[in-house]
Amino acid sequence: MKTGAPDDALRDAGLRATRQRLTVLDALRERPDAVTAQDLHMELRQAGEPIGLTTVYRTLTSLAEASFLDVFNREGEQAFRLCGDIHHHHLVCETCNKVEEIAAAEVERWVNEVAERRGYEVTGHRADIFGICADCRL
């Protein structure tokens with residue numbers, strides 16, 4: 001996540017530090033997995049948080065658009081995860097939805113080699129690797 005206090009980081013991104021945004025960021029802070037809006041809404045409601053499903057969807061979308069969250073497509077539905085603010089990639093478990101960040105350097109050389117062989121100039125990329133994590137393979 002962007003550095004500094006969450007309310008300052010939100011304001012720096014042009015977003016108001018609303019209770020809902022702070023609640024969603026707090027709920028995502030220690031999660032190792034990507035979560036859908038519906039699942040997050042259910043968890044927040046079970047924890048006694050008075051927040052509507054539409055508010056959760058809108059909040060997740062605005063946070064993703066402001067680059068606070070990474071978005072993953074999980075069986076046709078978007079799942080969200082709070083990630084670091086430096087360039088990185090992901091290993092995504094298809095069983096438990098755990099997401100591990102991969103340092104960009106581990107992928108960059110391969111990206112540049114592939115693009116160069118095909119005559120491309122790299123202007124951007126996203127590399128997510130999907131599979132089954134070691135815990136789920138047991």
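**Overall build**

Modeller: This is a predicted model, and its protein chain has 6 helices and 6 strands.

Biologist: What percentage of the residues in the protein chain is buried?

Modeller: The C-alpha atoms fill a box of roughly 55 × 40 × 25 Å along the principal axes, and the protein chain exposes about 8700 Å², of which carbon and sulfur atoms supply 47%. Counting as buried those residues with under 20% relative accessible area, the share among the 138 residues of the chain is 37%.

Biologist: Of the contacts with a separation of 6 or more, what percentage is accounted for by residues 24 or more positions apart?

Modeller: A contact here requires heavy atoms within 4.5 Å. Among the contacts in the protein chain with a separation of 6 or more, the part that joins residues 24 or more positions apart is 51%.

Biologist: How far apart do the centres of the positive and negative side chains lie?

Modeller: The protein chain carries 17 positive and 24 negative side chains.

Biologist: Which elements do the buried residues of α2 pack against?

Modeller: Helix α2 spans residues 19–28, and its buried residues are Arg21, Thr23, Val24, Leu25 and Leu28. Their packing partners include helices as well as strands, namely α1 (6–12), β1 (35–36), α3 (37–46), α4 (53–65), β2 (69–74) and β3 (77–82).

Biologist: Which residue has its charged end over the ring of phenylalanine 72?

Modeller: The structure holds 0 aromatic pairs, but the ring of phenylalanine 72 does have a charge over it. That charged end sits 5.4 Å from the centre of the ring, and it belongs to arginine 126.

Biologist: Which residues is valine 71 in contact with, leaving aside its neighbours within four places in sequence?

Modeller: Valine 71 lies in strand β2, and at 22% relative accessibility it counts as partly exposed. Alanine 115, which is 44 residues away in sequence, is 24 Å away from valine 71, C-alpha to C-alpha. The contacts of valine 71 are instead with Ala64, Gln78, Ala79, Phe80 and Arg126.

**Loops and positive phi**

Biologist: Is serine 67 buried or exposed?

Modeller: Serine 67 lies in the loop between α4 and β2, and its phi is near 65°, a positive value in a residue other than glycine. Because its relative accessible area is 52%, and the cut-off for that class is over 50%, serine 67 counts as exposed.

Biologist: How far is alanine 66 from alanine 13, C-alpha to C-alpha?

Modeller: Alanine 66 has its place in the loop between α4 and β2, where it counts as buried at 14% relative accessibility. Although alanine 66 and alanine 13 are 53 residues apart along the chain, their C-alpha atoms are separated by 6.3 Å.

Biologist: Is asparagine 97 buried or exposed?

Modeller: Asparagine 97 lies in the loop between β4 (88–93) and β5 (99–103), and it has a positive phi of about 70° although it is not a glycine. Since its relative accessible area is 17%, against a cut-off of under 20%, asparagine 97 is buried.

Biologist: What distance separates the C-alpha atoms of aspartate 39 and alanine 79?

Modeller: Aspartate 39 lies in helix α3 and, at 30% relative accessibility, counts as partly exposed. Along the chain aspartate 39 and alanine 79 are 40 residues apart, while the separation of their C-alpha atoms is 9.3 Å.

Terms used. Residues numbered from 1 in each chain as written. Predicted model: local features only at pLDDT ≥ 70, side-chain atom pairs only at ≥ 80, totals over all residues. Heavy atoms only, no water. Helix = DSSP H or I, 4+ residues; strand = E, 2+ residues; numbered from the N terminus. Buried < 20%, exposed > 50% of the residue type's maximum accessible area, 1.4 Å probe, protein only. Areas by Shrake-Rupley, 256 points an atom, 1.4 Å probe, with all protein chains shown as cover. Lys, Arg positive; Asp, Glu negative; His and termini not counted. Charge placed at Lys NZ, Arg CZ, Asp CG, Glu CD. Phe/Tyr/Trp six-rings, centres within 6.5 Å; stacked < 30°, edge-to-face > 60°. Lys NZ or Arg CZ within 6 Å of the ring centre and 35° of its normal.
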